[in-house]
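Trainee: Could we go through how the labels in this model are assigned? I'd like to see each value set against its cut-off.

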Amino acid sequence: MALSKVQKRNRIKRRVRGKISGSAELPRLSVYKSNKEIYAQLIDDKDGKTLASASSRALKAKGNKTEISAEVGKAIAEKAKAAGIENIVFDRNGFVYHGRVKALADGAREGGLKF
């Protein structure tokens, strides 16, 4: 039986999350995208806390989805800098690294985060 799109993404997600983990010094930048919006969180997995978050819903930015994703990346970078975070681990959450996910990562790098 063939796997659905969501089942494939969850399988990839489990495989990636087995290899990476966030901490207070090196948090995990987790990305989630829906058909309309994109969300990013800096997570400390050891304490189970979200250190900072940004989303396209909160920004109310104009443009296409890719441009908005880049703005979300810059916003999360600003919040990370305010919290004293420079280095992160990127978690694409099972999504393919292109399009909106890549734009968010590039925006975060422009904002000063180091992967």
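Mentor: Gladly, and let's start with S69, which is found in helix α3. Helices here are DSSP runs of H or I with at least four residues, strands are runs of E with at least two, and both are numbered from the N terminus. This is a predicted model, where local features need pLDDT of at least 70, side-chain atom pairs count only at pLDDT 80 or more, and totals for chains, interfaces and linings use all residues. Residues are numbered from 1 along each chain as its sequence is written, and side-chain values use heavy atoms, with hydrogens and water left out.

Trainee: Why is S69 called buried?

Mentor: Buried means under 20% relative accessible area, exposed means over 50%, and partly exposed is in between (1.4 Å probe, protein chains only). S69 has a relative accessible area of 1%, so the label is buried.

Trainee: Which residues is S69 in contact with, leaving aside its neighbours within four places in sequence?

Mentor: Those are I38, R100, A103 and L104. Contact means heavy atoms within 4.5 Å.

Trainee: What makes E71 and K74 a salt bridge?

Mentor: The term asks for a side-chain nitrogen of Lys or Arg within 4 Å of a carboxyl oxygen of Asp or Glu. For E71 and K74 the closest N and O atoms are 3.9 Å apart, and the pair counts as a salt bridge. The two are three residues apart in helix α3 (residues 65-82), so about one helical turn separates them.

Trainee: What makes E86 and K114 a salt bridge?

Mentor: Their closest N and O atoms are 3.4 Å apart. E86 sits in the loop between α3 and β4 (89-91) and K114 in the segment after α4, so this pair joins parts 28 residues apart in sequence. E86 is partly exposed because its relative accessibility is 40%, and K114 is partly exposed because its value is 47%.

Trainee: How many salt bridges does the structure hold?

Mentor: Eight. There is also a network of salt bridges linking R17, R28, D45 and D91.
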